[in-house]
Amino acid sequence: MDRQESVSSSLKLLRRVSISELVYEQVHEKILSGELQPGKHMNENRLAGSLGVSRASVREALRQLEKDGLIEITKNKGPFVRDVPPEEAWALYDVRASLEALAAELAAKNRTDADLRLLAQCLHSSECSIILADAASVFDNAVNFHRLVAEMSDSQIVLKMLKMIWGQIALFRKKFPQLSPGQSNDSVEKRIFSAIHDRNSKEASVLMRAYILDAKDQMIRRTAKNH
C-alpha cells in the first residue's frame, strides 16, 4: 500500500469512527430518555436507516453501549436494551458510593477557584429550583452537582467509571416512570461544597459516601412501594 492509499484508508477509518461516536451519542440519549425502554429489541437496519448511517457505524456504536452496560447483544437475537435487575442496581449504588467518595476526596485536593465557581452556580440554581418547586429541575441540578464534583477530581478513570454506573442506574430508573424525580438534599450538597472549598478531603469523602447510600435507601423504599 502506497502513502496515498494509506492516508485515504486512515481518513475513511476516522470518518467511520466519528460517525459511530455520533450514533453512540444519539442511541445513548434514546435509551436514557426512555424512548428505548428496557427489554426493547434494537433493529440495526432500522437504526441505520433512521439515523442515515451505515450498519457498520451502528454496530460499532452498539458494541460501545454493550461495554457501558446499557444493552445486551445475544447471538441470533441481536441487541436489546438491558433490563437492570434491582439487586444489580443496589450493587451499582454501592460501587457508586465508593467512587464518588473518592471523587470528592480528590476534588478537595485538586479543586481550582474556577471549579468552585461552577459548583457554587450549580447550588444556586438548585436553590432556585427548590423555591419554585420544580422537581425536574431539582433533579437535573443534583445530577449536575455529582458530575461537576467528579470532573473536579481530575481523574479520567474515576469519571469514566462513574459515567458507566450513572448510565446503568438511570436505565434502571426508567423501569419506574411513575416515580417523580428524586429530591436533592441541598443541605448535604452545601456541606460537601464547604469541605471541598476548605480542602478537607476526608470530610468531603465521608459526606459524599453517606449522600449516595442515602439515595440508594430512598430508591429501595420508593421502588418497593411501586411493585
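Two strands pair if DSSP finds at least two bridges between them. Helices (H or I, at least four residues) and strands (E, at least two) are DSSP runs, numbered from the N terminus. This is a predicted model: local features need pLDDT of at least 70, side-chain atom pairs count only at pLDDT 80 or more, and totals for chains, interfaces and linings use all residues. Residues are numbered from 1 along each chain as its sequence is written, and side-chain values use heavy atoms, with hydrogens and water left out.

**Hairpin**
- Strand 1 (residues 71-74) and strand 2 (residues 78-81) run antiparallel, joined by four bridges.
- Ile71 has Val81 of strand 2 as its bridge partner.
- Three residues lie between the strands, and Asn76 in this hairpin has a positive phi near 70°.

**Helix 2**
- Glu44, Leu47, Ala48 and Leu51 are the buried residues of helix 2 (residues 44-51); buried means under 20% relative accessible area, exposed over 50%, partly exposed in between (1.4 Å probe, protein chains only).
- They cover an arc of only 95° around the axis, so they sit on the same side of helix 2.
- Arg46, Gly49 and Ser50 are exposed on the other side.
- Asn43 caps the N-terminal end, with a side-chain oxygen 2.9 Å from the backbone nitrogen of Asn45.
- Gly52 follows helix 2 and has a positive phi, near 70°.

**Arg96**
- Arg96 lies in helix 4 (residues 86-110).
- Arg96 counts as buried because its relative accessibility is 11%.
- Beyond residues up to four places away in sequence, Arg96 touches His146, Leu162, Ile165, Trp166, Ile169 and Ile212 (contact means heavy atoms within 4.5 Å).

How values were computed: Arc of directions from axis to C-beta. Polar contact = N/O pair within 3.5 Å; in protein donor to acceptor, adjacent residues only side chain to side chain.
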